[in-house]
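Please consult the sequence and the structure while working through each solution.

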Amino acid sequence: RLWRLRQRPRQLLAGQELRVLLQAPFTLHWGINGWQSVQDTDSEDWDLGHVVLLPVQKLSAGDSVQFAIRWRASGDWQGEDFHIDIIGGDA
């Protein structure tokens with residue numbers, strides 16, 4: 001599933017991969033189920049944009065992912081936190 005600033009799904013089907021795609025290099029500060037197991041992951045340049053693949057395929061329905069975006073060039077935060085619920089069935 002693709003997440004962008006202009007396309008922000010709020011749900012992810014259990015087992016799906018989550019890709020965060022932005023236009024500039026960034027670090028994703030993220031955790032699961034209320035900011036537990038927090039990690040920082042740097043984006044990779046995929047030519048079409050900068051991408052972070054979040055390893056959330058093993059999360060179950062009822063779990064959630066929280067994340068914030070820090071722009072690497074300036075060190076500034078995007079200024080909001082994001083939340084995606086993991087669901088069963090069709091997303």
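A charge sits over a ring if NZ of Lys or CZ of Arg is within 6 Å of the ring centre and within 35 degrees of the ring normal. The model used here is a predicted one.

**Exercise 1.** Determine over which ring the charged end of R70 sits.

*Solution.* The distance criterion requires a value within 6 Å of the ring centre. The charged end of R70 lies 5.8 Å from the centre of the ring of W77, and it sits over that ring.

**Exercise 2.** Classify the ring pair of W3 and F82 by its geometry.

*Solution.* 
Step 1. A pair of aromatic rings is described by the distance of the centres and the angle of the planes.
Step 2. The whole structure contains 4 aromatic pairs. In the pair of W3 and F82, the centres are 4.8 Å apart and the planes meet at 65°, so the pair is edge-to-face.
Step 3. This pair connects distant parts of the chain, since W3 lies in strand β1 (residues 2-3) and F82 in strand β9 (residues 77-87), 79 residues apart. Both W3 and F82 are buried.
Step 4. A further edge-to-face pair is formed by F26 and W71, with 6.4 Å from centre to centre and 65° between the planes. F26 is in strand β4 (residues 26-32) and W71 in strand β8, 45 residues apart. Both of these residues, F26 and W71, are buried.
Step 5. Ring pairs also link W3, F67 and F82 into a cluster.

**Exercise 3.** Identify which strands stand at the edges of the open sheet of 4 strands.

*Solution.* 
Step 1. The strand order is β1-β3-β7-β6, and the pairing is mixed.
Step 2. β1 and β6 (44-45) each have a single partner strand, so these two stand at the edges and one side of each lacks a neighbour in the sheet.
Step 3. β1 runs parallel to β3 (residues 18-22), to which 2 bridges join it. W3 stands opposite V20 in β3.

Conventions. Residues numbered from 1 in each chain as written. Predicted model: local features only at pLDDT ≥ 70, side-chain atom pairs only at ≥ 80, totals over all residues. Heavy atoms only, no water. Phe/Tyr/Trp six-rings, centres within 6.5 Å; stacked < 30°, edge-to-face > 60°. Buried < 20%, exposed > 50% of the residue type's maximum accessible area, 1.4 Å probe, protein only. Pairing = 2+ DSSP bridges.
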